[in-house]
Amino acid sequence: MILDSKLTYPSGTATAMLITSFHTDTGAELAGKQVKCLGKYLSIGFVWSCFKWFFSGIGDSCGFDHFPTFGLNMSKKTFYFDFSPTYVGCGLICPHIVSCSVFLGAILSWGFLWPFISAHAGDWYPSGLESNNFKGLDGYKVFIATALILGDGLYNLIKIIYISAKEMFNKCIKHSKLPIANEAIDDMTSSGLAEQRKRDEIFLKDRIPTWFAASGYVALAAISIATIPIIFPSLKWYLVLVSYIIAPALAFCNSYGAGLTDCSMPDTYGKIGLYIIGSLVGSDGGVLAGLAACAVMLSIVSTAADLMQDFKTGYITLSSAKSMFVSQLLGTAMGCIIGPLTFWLFWTAFDIGSPDGPYKAPGALIFREMAILASQGTLELPKYCLELCCGFFVGALVVNLLRDATPKKVSQFIPIPTAMAIPFYFGAFFAVDMFVGTVILYIWERINRKDAEDYSGAVASGLISGDGIWTIPSAILSILGINPPICMYFGPSVTS
């Protein structure tokens, strides 16, 4: 893909260019300023999160996280600014269309759709159900969001497969008509050709042998076939084998698509495994089997695309392919220890998955409901939920068609369905934060575009990192039973 197809892998190329720029005088000076900027805003994010903690009290309704910026009625619909450095940082670092799509999705769902469906409680679904009951309003939230994501993912999957197939076909035609080496020689200067040959030589000198890659994959498949059915009895060994047989083809498609478009979609490919395995197993254990198979495929597909991006970085920076691979192995080994410990820390300290808590884990909920849908069918859905899901699924396809069919000056203003779907379950508050971040970035770009381009990423990373680092002492305080001393609560004024 890198040597023969010469795929771009934009993220890997950008990383390589960034690393290369650090070794120039101008690049080193800018990098130093960016590091200082990052440290400054990391400190601000950490101190602000620490300050917020003192007013967050016990429970889920205290502190700045529930500041009724637009009034109490709007706050009940989750429209408020919660002063989160993380989400403001996301707004600074994400493209404007992403943040605006998220905000539009929040307005559409929490401003119009959910109040409309809530007005039909007792008719469309039983009234008085708990907030996390999927036979009630929560079912509409999760499944409609899922339909939007699936529609967007399916469209982009077909699009990337089409683009990949077309590019491969064109390469074959070009190879048959004229050798690529001759074409390259005609188009390149002698110095450029020498540089490419040097890159090729270094990259191939330390390449990973095919027998090693194949035997490693077979060994990992054997370990998984032996151990996964013990952990998840409903996922039989032959289903794990099927997952490992299908996964390389999906990994190739995802890696090729990522090389062309920089769009890696492991979640979408994982959902393919979820639906296939979940429907094969059925209602008796299909949920766990589907989720486990999804995790297997998702990890393989995601790792393949990430590794190809790293290989592209190594190719441009004249790094050894083996060293890149060994670094991936070391990182994976560390993740096997750090990941579970981090999960245990969060699981012990916070109410993970609570619809009213700070860590709602909407992605986990959506995947679970997909597994339920795959294994049990649609009979358990509330009234008109399936029809609404179909409508939003088709809507996602139409929006993507419009994005591709219209000129760029028009398509840049058409929202992204997946970004719109995120606040459908999560709430509107983080969409408000992201919108504030993107407005700050927009104003900054208008005042000084170069400064915005150079430092917005550092500012955003600092805010996100500072807020994230605070979760560690916050979790430790929670485990030790030390609660915030003050509950800052907002309510209507009482008139005598």
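Reader: What is the mean pLDDT of the chain?

Author: The mean is 81, and 86% of the residues reach 70 or more.

Reader: Which elements have the lowest and the highest mean pLDDT?

Author: Helix α7, residues 180-187, has the lowest, at 44. The highest belongs to α18, at 92.

Reader: And where does pLDDT stay under 50?

Author: Over residues 178-188. For that stretch the model has eight contacts beyond four places in sequence. Where pLDDT is low, the predicted coordinates should not be read in detail.

Reader: Fine. Next topic: how many residues are in the largest nonpolar core?

Author: It has 46 residues. Those with the most contacts inside it are Trp114, Ile117, Tyr140, Ile144 and Phe424. The elements that give two or more residues to this core are α4 (85-93), α5 (96-118), α6 (137-177), α14 (362-376), α15 (385-405), α17 (417-426) and α18 (429-447).

Reader: Which of them gives the most?

Author: α6, with nine residues.

Reader: Take Ile144. What is it in contact with, leaving aside neighbours within four places in sequence?

Author: Isoleucine 144 is in contact with Leu113, Trp114, Leu388, Cys389, Phe392 and Phe424.

Reader: Why would nonpolar side chains sit together?

Author: In soluble globular proteins, they tend to be buried together.

Reader: Back to α18. What span should it have, and what does the model give?

Author: At 1.5 Å a residue, its 19 residues should span 27 Å. The end C-alpha atoms are 28 Å apart, which agrees.

Reader: Which residues of α18 are buried?

Author: Phe429, Phe430, Ala431, Val432, Asp433, Met434, Gly437, Thr438, Leu441 and Glu445. What covers the buried residues of α18 includes α4, α5, α17 and α19.

Reader: Now the charges. How many salt bridges are found in the whole structure?

Author: Four. One of them joins aspartate 65 to lysine 52, with the closest N and O atoms 3.0 Å apart. Aspartate 65 lies in the loop between α2 (25-53) and α3 (72-76), while lysine 52 lies in helix α2, so the pair ties together parts that are 13 residues apart in sequence.

Reader: Are those two buried or exposed?

Author: Aspartate 65 is partly exposed, with a relative accessible area of 31%. Lysine 52 counts as buried, at 10%.

Reader: And which salt bridge links distant parts of the chain, 260 residues apart?

Author: Aspartate 123 with lysine 383, where the closest N and O atoms are 3.6 Å apart. Aspartate 123 is in the loop between α5 and α6, and lysine 383 is in the loop between α14 and α15. Aspartate 123 counts as partly exposed at 47% relative accessibility, and lysine 383 counts as partly exposed at 37%.

Reader: Last topic, rings. How many aromatic pairs are there?

Author: The search of the whole structure finds 29. One of them, tyrosine 87 with phenylalanine 429, is edge-to-face, with 6.4 Å centre to centre and 65° between the planes. Tyrosine 87 lies in helix α4 and phenylalanine 429 in helix α18, so the pair ties together parts that are 342 residues apart in sequence. Phenylalanine 429 counts as buried, at 8% relative accessibility.

Reader: How do tryptophan 124 and tyrosine 140 pair?

Author: Their pair is tilted, with 6.4 Å centre to centre and 40° between the planes. Both tryptophan 124 and tyrosine 140 are buried.

Reader: Which residues form one aromatic cluster?

Author: Trp48, Phe51, Phe55, Phe64, Phe67, Phe81, Phe83 and Phe490.

Key. Residues are numbered from 1 along each chain as its sequence is written. This is a predicted model: local features need pLDDT of at least 70, side-chain atom pairs count only at pLDDT 80 or more; totals for chains, interfaces and linings use all residues. Side-chain values use heavy atoms; hydrogens and water are left out. A nonpolar core is a set of buried Ala, Val, Leu, Ile, Met, Phe, Trp, Tyr and Cys residues joined through side-chain atoms within 4.5 Å. Buried means under 20% relative accessible area, exposed over 50%, partly exposed in between (1.4 Å probe, protein chains only). Helices (H or I, at least four residues) and strands (E, at least two) are DSSP runs, numbered from the N terminus. Contact means heavy atoms within 4.5 Å. A salt bridge is a side-chain nitrogen of Lys or Arg within 4 Å of a carboxyl oxygen of Asp or Glu. Rings of Phe, Tyr and Trp (its six-membered ring) pair if their centres lie within 6.5 Å; planes under 30 degrees apart count as stacked, over 60 as edge-to-face and the rest as tilted. pLDDT is the predictor's confidence in each residue, from 0 to 100. The expected span of a helix is 1.5 Å times one less than its number of residues.
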